[in-house]
Amino acid sequence: MAIRVTVWGENVHERKNKIVAEIYPAGMHAAIADALNNDAGVTASTVTLQDPEHGLTAQKLAETDVLIWWGHAAHGDVADAVVERVCDAVWSGMGAIFLHSAHFAKPFKRLMGSPCNLTWREAGERERIWLTSRNHPIAAGLPDHFELENEEMYGEPFGVPDPMETVFVSWFQGGEVFRSGLTYKRGAGSVFYFRPGHETYPTYHNAHVQRVILNAVKWAYNPAARLAEPSAAPNVPVAEALEPIEERGPRLHHDGEEGFR
Ligand code: ZN
């Protein structure tokens with residue numbers, strides 16, 4: 001069975017900005033999904049911020065193996081209930097890929113638990129992306145480095161937790177560097193952050209960038225069944241301990257109670 005990918009697009013600048021609309025006439029989410037659908041092992045669909053529940057109903061998430069998120073101008077318009085639902089799906093085992101300005105997307109910040117801030121400059125400068133983990137599956141088929149002639153600069157320090165692995169770093173013409181491909185495990189879910197993709201440049205039409213996203217989908221895919229309650233914290237009464245034990249000392253809680261949150 002093909003990996004079911006849902007590409008979530010904010011879909012704001014594509015409709016409001018002429019330059020972005022010319023580069024991505026059907027939206028950035030459509031360009032990303034179209035590229036993925038060239039691979040027989042993937043079935044990609046799209047949803048947007050403007051859809052009811054932003055397109056991310058419980059049913060849609062249950063049918064999503066890997067969620068891709070691109071947002072920029074309207075992070076604050078994403079409903080907190082949807083953010084919680086997305087994070088719950090990741091903790092349950094859904095893969096998630098956050099692209100470019102999604103470093104400030106609500107679900108990414110919630111999953112990282114840190115400010116996710118960085119330095120930036122919009123000057124159309126050259127970005128050189130260096131592969132730092134040669135045999136990593138997300139880097140499969142890529143050269144040791146490749147260039148994007150026009151990109152927005154993102155620079156360190158990047159306010160994220162230390163990743164499991166750094167797969168790419170970027171150098172920018174103005175001199176800054178940035179950790180641009182980072183892997184995380186959050187609950188049972190695999191999370192990848194990939195830096196390129198400013199909306200006024202044709203980055204998602206670049207074959208190397210498309211390859212990274214396809215590789216990341218396959219890396220983040222988890223064929224195991226989702227965890228039913230990833231946030232459950234059950235009390236295990238003395239009588240149910242794996243080895244016989246005797247209760248000692250005072251206690252605050254009753255057997256089987258829910259405890260505090
Ligand atoms: Zn940008």
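**Fold and packing in the predicted model**

Among contacts between residues at least 6 apart in sequence, 69% join residues at least 24 apart in the protein. The model is predicted, and it holds seven helices and nine strands. Of the 261 residues of the protein, 39% count as buried. The C-alpha trace spans about 70 × 40 × 35 Å along its principal axes.

The nine strands make up an open sheet with mixed pairing, and their order is β2-β1-β3-β4-β9-β8-β7-β5-β6. The edge positions are taken by β2 and β6 (145-155); each has a single partner strand, so one side of each lacks a neighbour in the sheet. From one strand to the next, the twist averages 25 degrees.

Several of the pairings can be followed across the sheet. Strand β5 (residues 119-131) is antiparallel to strand β7 (residues 165-172), with five bridges between the two. In this part of the sheet, Trp130 stands opposite Val169 of β7. Strand β7 is in turn joined to β8 by six bridges, again in the antiparallel sense, and Ser170 stands opposite Phe178 of β8. The hairpin of β7 and β8 has four residues between its strands, and Gly175 there takes a positive phi near 115 degrees.

Strand β8 (residues 177-186) also runs antiparallel to strand β9 (residues 189-194), to which six bridges join it. Tyr184 stands opposite Val191 in β9, while Arg186 has Gly189 of β9 as its bridge partner. These two strands form a hairpin with two residues between them, and Gly187 in the turn has a positive phi of about 60 degrees. The pairing of β9 with β4, by contrast, is parallel and extends over four bridges. Here Ala96 has Val191 of β9 as its bridge partner.

Strand β9 is largely enclosed by the rest of the structure, because six of its six residues are buried.

Helix α5 (residues 80-92) lies across β3, β4 (95-99), β8 and β9, and runs at about 115 degrees to β9. Helix α7 packs on the sheet as well, where it touches β1, β2, β3, β4, β6 and β9; the direction of α7 makes about 165 degrees with that of β9.

Helix α3 (residues 28-36) is mostly covered, with seven of its nine residues buried. The buried residues of α3 are Met28, His29, Ala31, Ile32, Ala33, Ala35 and Leu36. Among the elements that cover them are the strands β1 (3-9), β2 (42-48) and β3 (66-70), together with the helices α1 (13-16) and α7 (207-220). Ala30 also lies in helix α3. Ala30 counts as partly exposed because 19 other C-beta atoms lie within 10 Å, whereas a buried residue has 20 or more. The C-alpha atoms of Ala30 and Ala44 are separated by 9.3 Å, and the two residues are 14 residues apart along the chain.

Notes
Residues numbered from 1 in each chain as written. Predicted model: local features only at pLDDT ≥ 70, side-chain atom pairs only at ≥ 80, totals over all residues. Buried ≥ 20, exposed ≤ 12 C-beta atoms within 10 Å, placed from the backbone. Contact = placed C-beta atoms within 7 Å. Pairing = 2+ DSSP bridges. Axes fitted to C-alpha atoms, helices over the stretch in contact; angles between N-to-C directions.
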